[in-house]
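User: I would like to learn how to read a model of this kind, one feature at a time. Could you give me the general idea first and then the case at hand?

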Amino acid sequence: MKRLAQELSLEGQPGAFAGSLMNSSADLVARACQGEQEAFRLIFERYSRPIISFIYDLVGDRELAEDLTQETFVRAHRGLKALREEAKLSTWLFGIAKNVARESLRSRTRQQQRVELDDAAVLDLSDRGPAPVDQLLDRELNGVIRRSLAALDDDKRMVFTLKILHQCSYEEIAEITGFSIPKLKTDLHRARVEMRRRIGPYVRV
Amino acid sequence: MKCNECLNLLGAYLDGEANERQADQVRAHLTTCAQCENQFEALTAENEIYTRYDREIQISPAIWNRIAARINAEDRQIERGSKFSLAEWVSGLFAMPSLRFAMPTVALIAIALVVGLAYWRTRPLPTKPDTTAKVNNVAPPTSGKEPQVTNPEIERPTPLDQAPASAPIVASNSKRPRINTSRSTDQSDVLPDVAFTDIEDRDTASHLEQAQNLLLSFRSIKYSDTDEEVDVSYERVESRRLLNENVVLRRDAEMTGKFPAKTMLGSLEPFLIDIANLPDKAKPSDVRQITDRVQKTEIVAELRGY
């Protein structure tokens, strides 16, 4: 939970100064709009981790996630002036990332995605040196979660990722995805059931 | 609160999405129901598993460097687009022409040429001055030959009077010669246009040409004496149209003192009346009566010679 909190907050982010009035999101956006690249770099540093994680959850490929993160921030820079004042910067960035990832997913076949994901999971378990049992279990669990996410359909994976892995509210998810609240509730419930079936053996009650 | 209601709300409760009243009800139910409490613990354990999910992703500085490079390139492009550069403008004057719009331009010119040519071909001819007509009117006749109808639309039928006597009259009129019912726009195809000095004469010439074609068509209808009826619907309709036209032109010719035209139109009119008054399916005897008269009076030759 702490790691997630870190991903979504300013804590530990280089170049970001939590609590500084000068570096509030609105202020950074205003400065970046005036052409100050340093302000945009701070926006990148603040949001790059949650954005790349979100994209990775959707596409399941590290290199591709890096490329798509780059594309997301270039598009964000281009459209920064169009950002409405009342819109939340993180929600807006997640929305761009969702579009970029979806465009990429559309251009790849589902079969290719599965092969890449399976290969990544095998590499995770085999190409490293000896590790403690807990660490091995964690790696195995990472692989299981990754494969389980990949097995969900696109809508369910997106809703599940935003809610469970990125702690977005229903309203934020609706804004990012364009889904209605009832639809995303249904998708989330079904995604939970499917995920539970796969990760059940690892859950210790 | 019942168990199924509680279970339905557990996810929202855990996500912090249940409203205050729902949250109170769930909390109250969980304290009294061990089964739902177990479900709640299972869900919490699941969420705990997801918090341990480590994607092992590092943010490489190269990502920002690539972003910065692209942003700078885009900014430069925007600046270049907005600034007027004299050097670029001058070099543009001497640069190789871009062929980007070459094809559309060529296509536009080609279309303009085609339209222009079509207009030039179909433009209304100006009224010829009288002097031209006079000069040409005194020109010697072209060795007594009849002016030729060269309209390609007309497949001229073999007149019965020119057909071999032994030629059988077959019971088929399906291959009726096609007649161009529209007025010819280029009167030079019909008769030498120098012979006409005004629009009325042109109208008369066109009318007589169409009448000639009608009579040729009528004369060429193929049928046998054993046929009960002959389809003359096309000729009948055409004849009615020409009859109306004929009456108007004949009166005009009479009023303007053009007696040869008046005589010609007057000779033609009874044939048009006869054909116009036939039923669509005429008796072979009635058709034969008219064709015999056409042949006997040599009206077609008269029309050609006009």
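User: What average pLDDT does chain A have, and over which residues is the pLDDT below 50?

Analyst: Where pLDDT is low, the predicted coordinates should not be read in detail. Chain A averages a pLDDT of 78, and 73% of the residues score at least 70. Over residues 1-21 of chain A the pLDDT is below 50, and this stretch has 25 contacts in the model beyond near neighbours in sequence. The pLDDT is also below 50 over residues 113-130 of chain A, a stretch with 19 such contacts.

User: How should I describe the packing of H2(A) and H3(A), and at what angle do their axes cross?

Analyst: Two packed helices are described by the angle between their axes and the distance between the axes. Here the axes of helix H2 (residues 25-33) and helix H3 (residues 37-59) of chain A come within 7 Å and cross at roughly 140°, and H2(A) and H3(A) are therefore oblique to each other. The crossing in which H2(A) passes H3(A) is left-handed. On the H2(A) side A:Leu28, A:Arg31 and A:Ala32 take part, and they meet A:Ala39, A:Phe40, A:Leu42 and A:Ile43 in H3(A). The residues of this contact divide into 6 nonpolar, no polar and 1 charged.

User: And at what angle do H5(A) and H9(A) pack?

Analyst: Helix H5 (residues 89-107) and helix H9 (residues 170-177) of chain A pack at an angle of about 45°, with their axes 8 Å apart, and they are therefore oblique to each other. H5(A) passes H9(A) in a right-handed crossing. From H5(A), A:Thr91, A:Phe94, A:Gly95 and A:Lys98 meet A:Glu172, A:Glu175, A:Ile176 and A:Thr177 of H9(A), and the residues of this contact divide into 2 nonpolar, 3 polar and 3 charged.

User: Is A:Ser53 buried or exposed?

Analyst: A:Ser53, which is found in helix H3 of chain A, counts as buried because it has 22 C-beta neighbours inside 10 Å, where 20 or more are required. A:Ser53 and A:Ala65 are 12 residues apart in sequence and 8.0 Å apart in space, C-alpha to C-alpha.

User: Which phi values do A:Gln167 and B:Glu56 have?

Analyst: Most residues other than glycine have a negative phi. Phi of A:Gln167, however, is near 55°, a positive value, and this residue lies in the loop between H8 and H9 of chain A; with 17 C-beta neighbours inside 10 Å, A:Gln167 counts as partly exposed. Phi of B:Glu56 is likewise near 55°, in the loop between helix H3 (34-51) and helix H4 (61-82) of chain B, and B:Glu56, with 9 C-beta neighbours inside 10 Å, counts as exposed.

User: How many residues does each chain give to the contact between chain A and chain B?

Analyst: The size of an interface is often given as the accessible area lost when the parts come together. Counted in residues, the contact takes 35 from chain A and 26 from chain B. The elements giving two or more residues to the chain A side are H3, H4 (62-79), H7 (133-151), H8 (154-165) and H10 (181-199), and the residues of that side divide into 16 nonpolar, 9 polar and 10 charged.

Methods. Residues are numbered from 1 along each chain as its sequence is written. Chains are lettered from A and ligands numbered from 1 in the order in which they are written. This is a predicted model: local features need pLDDT of at least 70, side-chain atom pairs count only at pLDDT 80 or more; totals for chains, interfaces and linings use all residues. Axes are lines fitted to C-alpha atoms, for helices over the stretch in contact, and angles run from 0 to 180 degrees between N-to-C directions. Helices (H or I, at least four residues) and strands (E, at least two) are DSSP runs, numbered from the N terminus. Angles under 35 degrees count as roughly parallel, over 145 as roughly antiparallel, 65 to 115 as roughly perpendicular and the rest as oblique. A crossing is left-handed if the near helix is turned anticlockwise from the far one by less than a right angle, and right-handed if clockwise. Two residues are in contact if their C-beta atoms, placed from the backbone, lie within 7 Å. Ala, Val, Leu, Ile, Met, Phe, Trp, Tyr, Cys and Pro count as nonpolar, Asp, Glu, Lys and Arg as charged, and the others, Gly among them, as polar. pLDDT is the predictor's confidence in each residue, from 0 to 100. A residue is buried if 20 or more other C-beta atoms lie within 10 Å of its own, exposed if 12 or fewer, and partly exposed in between; C-beta atoms are placed from the backbone.
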